[in-house]
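Have the 3D view open as you read.

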Protein chains: 2
Amino acid sequence: MTAQASRSDHDPAIPDIRDIDAYMQRLGQGAREAATLMRRVDTAAKNAALLAMAEHLEQARSDVLAANARDLARERESGLEAALLDRLALDDRRLDAMIDGLVQVAALPDPVGEIDGLRSRPSGIQVGQMRVPLGVIGIIYESRPNVTLEAASLCLKSGNAAILRGGSEARDSNAAIAACIRAGLARAGLPESAVQVVATTDRNAVGRLISMPEYVDVIIPRGGKSLIERITREARVPVIKHLDGVCHVYIDAGADVDKALAIAVNAKTHRYGTCNTMETLLIDAPLAETLLPTLALAYGEHGVELRGCERTRAILGDIGVASEADWQTEYLAPVLAIRVVDGIDDAMAHIERYGSRHTDAIVTEHYGRARRFLAEVDSSSVMVNASTRFADGFEYGLGAEIGISTDRLHARGPVGLEGLTSRKYVVLGDGQVRR
Amino acid sequence: MTAQASRSDHDPAIPDIRDIDAYMQRLGQGAREAATLMRRVDTAAKNAALLAMAEHLEQARSDVLAANARDLARERESGLEAALLDRLALDDRRLDAMIDGLVQVAALPDPVGEIDGLRSRPSGIQVGQMRVPLGVIGIIYESRPNVTLEAASLCLKSGNAAILRGGSEARDSNAAIAACIRAGLARAGLPESAVQVVATTDRNAVGRLISMPEYVDVIIPRGGKSLIERITREARVPVIKHLDGVCHVYIDAGADVDKALAIAVNAKTHRYGTCNTMETLLIDAPLAETLLPTLALAYGEHGVELRGCERTRAILGDIGVASEADWQTEYLAPVLAIRVVDGIDDAMAHIERYGSRHTDAIVTEHYGRARRFLAEVDSSSVMVNASTRFADGFEYGLGAEIGISTDRLHARGPVGLEGLTSRKYVVLGDGQVRR
């Protein structure tokens, strides 16, 4: 069958998703038009849409759960691993959290239109910077269907149009959630193309989405490192990305020992699978002899496997060897690499060489070293006397988070509504001209 | 001759710039190492380097002018056009301005280390954002040798390492300026690789510079649209770019006529070759009949050629036709396109469709329409009752400007020292852990 015949067979009211290029172009055009409208939409209309989505989701609980059950059955059959099935699964508790999330985003302050630093200039003009939406945001993610709603709500509240591309595992769940999003937009009088969920699982759709600079202003990939690396390499539009989190806690000789123990244990054992979990503990030599055995006991109680440098092993004895590869590994598991270092310079050199510029903490009561660590460690979050687990949009007070950026430009660290905006200059005059 | 033989022929003390890949990699490595050091350098050392560069340039005046004379002679011979020869030419007045620029950048506040919005969170931690350098900045520019010094000074003051690639026309001038930069860095005890000027005119050097994400964090191209488009297309690192400036002034029916005349004339005639010059005048229908003839007289006195829409031509008679292409053209010349529009929505639709999102102004005394224009026009600078010519780092109070960004991410509009930094999160705790 030729492409021509294929197209003419098709009901023109339903987008023909077999022609991926044409389909993605149509999504892009729709998003670009919607972005122009969304820029002008007031806070009340955006909040009304979010609350209407919450209501529609409440009413569609059984549809969404039935769709999710179809996804789960199909993926279980095709052998998806248990951890991914768990991420894919929805239940009433998860739906409650999704509905609650919409209500919370509606309650957040609207960043759009905020003007900072308006100042008078000698010429008589006043100059300031106004927060404005980025435009069209493409989000590419994997199995968790709740990301569909989170991403939709954050893009909407920040005045952007969104094109969402979820994992093929969640296709039925995402379609059911997309119906609630569309219904909510429509009820608030907003264009349905303000949030579009890509309705094909064809992998070429991703390739198109990341190479339409005329329609898409930024791509945010959420998923494993290989997905993000591929997208960064191939994208023809800017990418806000989150690579791995090889996070460190450095216990300085000037540390309060109780704080050091609490932080080092919490940063590793509070949750293992998160990007802000400590993966390498650096301990200053003067404290190593006394502190490492206590720490080893605590980690032992949590079933954390320790791998050490030579000096660590000389103190702790029977633990594994930390190799070069260990220092660079995001375990996401109850495994911890430990290195004894000689002071803050040695610690910072290790972090510079092996870290991933995500989140790093120092434990110390020494003012000068705390100050140096804050200034000199080049990570998206740098902490003094706090657990790396705090690197999180909610803990930072952003209200919500679309991801954590390990980039250097635009947004670093947790990205909330503000990270989905940028600032344009506004100039207020009274007839001024350049002399 | 094989590459091997070529390399062994070469004095190892002088970088072998015939092997472009190896040469650019060495520059990249040097810059990355310098960036780590520069992050930690205090304001006094950076200022000392800037002032030492100014002194060295003062002492090297005759060397720099002699080098420039060689560039001019060679390029005149090979037929470089007069406008480019003018940009290339240095004289004592231009050297004065360059020296003065260094002193001014030294006097600017250092953005690095500034902490914004430090707030206490319910968990007991305090969270804020600290300005930090971007890292390694690659700057690619054309014939003007003074850009070498401007770019060096701004990257240095903002704590970044820089790799500068100027035009081949200015190669001797840039080499002479680079010697002053190196001497200034050395005198202040800073690494010479903090600012490196690419010493080859081989075009492949640019290709390498924009595809080394391991060494270069951001590329800033300064030059014509075709250069910038090519770099944006091919770069494998983020680009802060400035495409064209198709700037509009919209004279609203609610305008004060005197302000409208002053702004419309100034925005076009103050300077023709700048990106913030008005290229299209939009005039609200109720004012067109009375205002256009007065404006045409004023433009006539300045020798500005007018091209109009049908309604404009019906009023002004004997002027050229503005075609579709005119609405999209950055003339950079004494030519102006004029369109009569029906109110603010029509004006904003024109700007949305044909503008380049650079700088657009409304002239009005109507509060509601001024407010709408500011909020809804999606350009890097949006103005009320002021000439578009104010879109400039100095006029905005940034102290200096490395360029004007027409991007949506990171920096929009004039980019000063702040635009060469980003913000990381800092967390101050007292032993807090996640519950």
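The angles themselves run from 0 to 180 degrees between N-to-C directions, and the axes are lines fitted to C-alpha atoms, for helices over the stretch in contact. Helices (H or I, at least four residues) and strands (E, at least two) are DSSP runs, numbered from the N terminus.

A quick word on what you're looking at: this is a predicted model, where local features need pLDDT of at least 70 and side-chain atom pairs count only at pLDDT 80 or more, while totals for chains, interfaces and linings use all residues. Residues are numbered from 1 along each chain as its sequence is written, chains are lettered from A and ligands numbered from 1 in the order in which they are written, and side-chain values use heavy atoms, with hydrogens and water left out.

Start in chain A with helix α3 (residues 43–59) and helix α7 (residues 146–157), which pack at an angle of about 160° with their axes 9 Å apart. α3(A) and α7(A) are therefore roughly antiparallel to each other. On the α3(A) side, the contact (heavy atoms within 4.5 Å) is made by A:K46, A:N47, A:A49, A:L50, A:M53 and A:L57, and α7(A) answers with A:L149, A:S153, A:L156 and A:K157. Sorted by class, that's 6 nonpolar, 2 polar and 2 charged residues. Here Ala, Val, Leu, Ile, Met, Phe, Trp, Tyr, Cys and Pro count as nonpolar, Asp, Glu, Lys and Arg as charged, and the others, Gly among them, as polar.

Now find helix α11 (residues 257–269) and helix α12 (residues 285–301) of chain A, packed at about 40° with axes 11 Å apart. That angle is why α11(A) and α12(A) are oblique to each other. This crossing is right-handed too. Among the residues in contact are A:L261 and A:K268 of α11(A), along with A:L291 and A:Y299 of α12(A). The contact has 10 nonpolar, 2 polar and 1 charged residues.

A:K268 has another partner: its side chain meets that of A:E279 in a salt bridge (2.8 Å, N to O). A salt bridge here is a side-chain nitrogen of Lys or Arg within 4 Å of a carboxyl oxygen of Asp or Glu. A:E279 sits in strand β8 (residues 278–284) of chain A, 11 residues apart from A:K268. Over all chains, the structure holds 78 salt bridges.

In one salt bridge, the side chains of A:D378 and B:R39 come together at 3.6 Å, N to O. Across this interface, 67 residues of chain B are in contact with 67 residues of chain A. The buried area (accessible area, with a 1.4 Å probe, that two parts lose on being put together, summed over both) is about 6000 Å², with carbon and sulfur atoms giving 52%. B:L409, B:Y425 and B:R434 supply 15% of the area that chain B buries against chain A, more than any other three residues.

How values were computed
Parallel < 35°, antiparallel > 145°, perpendicular 65-115°, else oblique. Left-handed = near helix turned anticlockwise from the far one by under 90°.
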